[in-house]
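Subject: Structure for your files

Dear colleague,

Please find the structure below. My notes follow it.

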Amino acid sequence: MHHAFKLEENEYNLELSRTPVGYCLHLADGSVPVNLNLLSDGSALLTVSGSSERILLATRGDDVFIHLGGSAYQLRYEHPLQRLAAQSQGAAEDHVRAPMPGSLVALHVEPGQSVTRGETLLVMESMKMETTIIAPRDGVIEAVHFAVGQTFDRDALLLSLEADAVEGKKP
Amino acid sequence: MNSIGNKPIPDPSILAATRSRAASWPFRSVLIANRGEIAVRILRTVQALGLRGVVVYHAADRKAPAVSMADQAIEITGATPVAAYLDAKQILAAAQASGAGAIHPGYGFLSENAGFARAVAAAGLIFVGPTPEQIELMGDKVRARAFVAKGGFPVAPSAIEDDDPATFAERALAVGFPLLIKPAAGGGGKGMRIVREAAQLKGEIERARSEGQRYFGDGRLYVERYVENPRHIEVQVLGDAHGNVVHLFERECSVQRRFQKIVEETPSPALDSALRQRICETAAGIARNAGYCNAGTVEFIFGAGGAPGAASGAGNAEFYFLEMNTRLQVEHPVTEMITGKDLVLEQLRVAAGEPLGFTQDQVLSSGHSIEFRIYAEDAARGYTPTTGPVLALRLPQGEGVRVDSGIVEGQDVTAAFDPMLAKLIVSGKDRSEAIVRADQALAQFALLGCVTNTAFLRRLLKHQAFIDGQVHTGFLDAHPEIAAQPELNQATLQRLLAAAALMTRPMRDGADQVPDLHAAIGSWSN
């Protein structure tokens with residue numbers, strides 16, 4: 001199975017095939033007959049193993065948003081090639097990302113500066129509260145991607161550290 | 001017809017009578033200096049009265065429903081979208097250019113800015129709200145507290161920095177722990193900090209001062225006794241320029257996160273009729289003392305145990321004055337649903353110089369109403385704000401269901417504004433009927449593209465303590481399991497994966513490209 005979706009932190013492998021009356025969904029633990037009919041009001045009729053319900057869905061890029069059973073969910077389609085590439089990418093600790101949307105209140109470092117683990121890199125504001133972002137490891141600041149006053153979304157890349165395996169292991 | 005939900009509010013005959021009198025009001029056109037759901041809410045009444053509704057908007061809100069609903073919409077600019085809505089000069093220019101005779105500030109932004117209220121009057125326009133002096137009095141939390149205490153109403157033990165800055169920390173210690181540090185110029189929970197031990201006091205004072213300085217341009221502080229497990233109960237008041245002041249009962253707003261309300265309801269499950277009357281009359285008394293004009297809300301901290309200085313009611317209950325908000329509240333709809341009064345209509349009537357449309361004994365309460373704030377936030381991740389496009393939106397409908405929404409499909413939810421997207425107000429003949437209807441309505445509330453708190457609100461509704469009405473402002477912190485994302489059951493997971501696979505082109509196309517062989521094998525193997 002080379003298709004996969006990510007939901008929350010989990011990845012699910014699956015495959016889809018055609019049947020005379022619809023489709024068949026193949027999961028790790030078995031296969032089920034499925035179908036999806038888009039309705040004129042923008043909702044859709046989802047049928048799984050003969051049981052149907054109305055759901056609402058929308059897509060955006062590789063994201064599929066689904067409102068089902070009174071709750072909303074987001075699934076991301078994982079392209080087979082990207083999944084391979086992700087496995088060979090650099091350490092996440094080289095990138096300091098925004099834990100939540102917000103704006104930059106104070107910047108304590110500049111490119112080229114050495115920092116030690118736990119040192120304050122910047123202060124951001126979100127939900128009317130300040131959050132201090134600290135260095136995930138010892139290292140040298142490679143780039144700062146936002147200026148004070150700018151706003152960003154969750155997971156935005158705020159700062160990059162120079163990849164330096166030796167520095168990262170200092171006590 | 002100003003029909004809100006499926007219950008006409010106000011009564012059609014009151015609307016018709018007010019509408020004909022509005023023909024001779026000193027303003028025939030109202031500019032709304034706000035955005036989102038409250039701009040829509042105000043427009044609805046303005047237009048129902050036959051008045052012209054004008055809105056200002058930042059480009060980030062171009063697709064917002066208030067802009068398309070208004071009789072005229074004027075774009076304003078700013079260094080940030082929020083700055084545009086705080087720019088009094090541009091807003092006044094828009095009011096004059098559009099011929100508006102009055103400005104309704106909504107809540108937040110310029111609504112409690114005395115300087116703005118003065119500038120509106122100086123421009124020859126009417127500010128739909130209290131006088132600048134009343135805004136100033138209640139906006140300075142320290143002065144407001146002293147004013148209320150002087151009137152003989154209950155306030156919590158406290159220490160005020162301004163009384164003698166040199167001894168502030170010492171006097172704060174004397175108040176006792178736990179205590180709450182608040183900015184003198186604050187509101188909305190900004191810059192507030194709970195301190196439980198003397199060792200933390202100094203550091204927390206410095207932090208609160210820095211936040212106060214940044215949010216309000218004023219670093220002055222005060223501390224007061226923190227009532228453990230308190231309820232937040234507030235009372236709606238209305239006053240006019242003829243000296244009339246009435247209350248419209250209380251709202252219980254105890255379900256909060258980070259000092260901000262999530263669910264509000266009326267009546268409060270904590271009050272019996274004697275206590276209810278007492279807290280409501282206290283609020284009306286405070287407003288009357290201030291000669292209060294227009295809509296306002298008196299907030300109280302309500303505790304189960306007795307403490308010195310508190311007004312005691314049934315059992316050991318106590319309540320203290322917290323603050324007065326000199327504007328329409330976010331949660332005003334629950335009051336409208338149980339009293340049948342249109343608060344925006346009364347605000348406009350008072351602003352036009354008329355007396356209130358009713359007396360205290362004509363304000364009756366019937367049924368139960370609960371408001372749920374629909375936030376763009378992820379409860380399971382510490383209620384952090386979420387962003388994203390509104391790809392699809394379906395609002396709930398049904399008996400007792402009202403939705404005050406500020407979003408439409410095609411809009412983007414950004415970090416530029418407060419994360420509140422809409423309000424769901426559900427009413428029933430009693431609290432349990434309202435809760436049952438609310439669960440259905442929350443399940444129907446579908447927004448795709450941006451995470452909202454509707455699933456969290458449904459979990460909250462099903463929590464036994466909420467069902468029993470046993471809530472306090474620390475309720476969600478005490479029950480983190482409500483915010484946690486529940487485990488997905490296998491049947492739901494299967495359905496989600498089926499829908500996602502069938503909606504994803506590479507998968508569906510892949511399956512469709514080998515139809516004959518696969519289909520043949522499929523039917524064969526079945």
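Two strands are taken to pair if DSSP finds at least two bridges between them. Strands (E, at least two residues) and helices (H or I, at least four) are DSSP runs, numbered from the N terminus. This is a predicted model, in which local features need pLDDT of at least 70 and side-chain atom pairs count only at pLDDT 80 or more, while totals for chains, interfaces and linings use all residues. Residues are numbered from 1 along each chain as its sequence is written, and chains are lettered from A and ligands numbered from 1 in the order in which they are written.

The sheet in chain B

Four strands of chain B form an open, antiparallel sheet in the order β8-β11-β9-β10. Its edge strands, β8 (158–160) and β10 (193–195), each pair on one side only. Neighbouring strands are turned by 20° against each other on average, direction ignored (axes are lines fitted to C-alpha atoms, for helices over the stretch in contact, and angles run from 0 to 180 degrees between N-to-C directions). Three bridges join β8(B) to β11(B) (221–225) in the antiparallel sense, and B:Ser158 is opposite B:Glu224 of β11(B). Helix α9(B) (168–175) lies across β8, β9 (179–183) and β11 of chain B, at about 170° to β8(B).

The contact between the chains

Chain A puts 48 residues into the contact and chain B 42, where contact requires C-beta atoms, placed from the backbone, within 7 Å. On the side of chain B that touches chain A, α18(B) gives the most, with 11 residues.

Regards

Key: Two residues are in contact if their C-beta atoms, placed from the backbone, lie within 7 Å.
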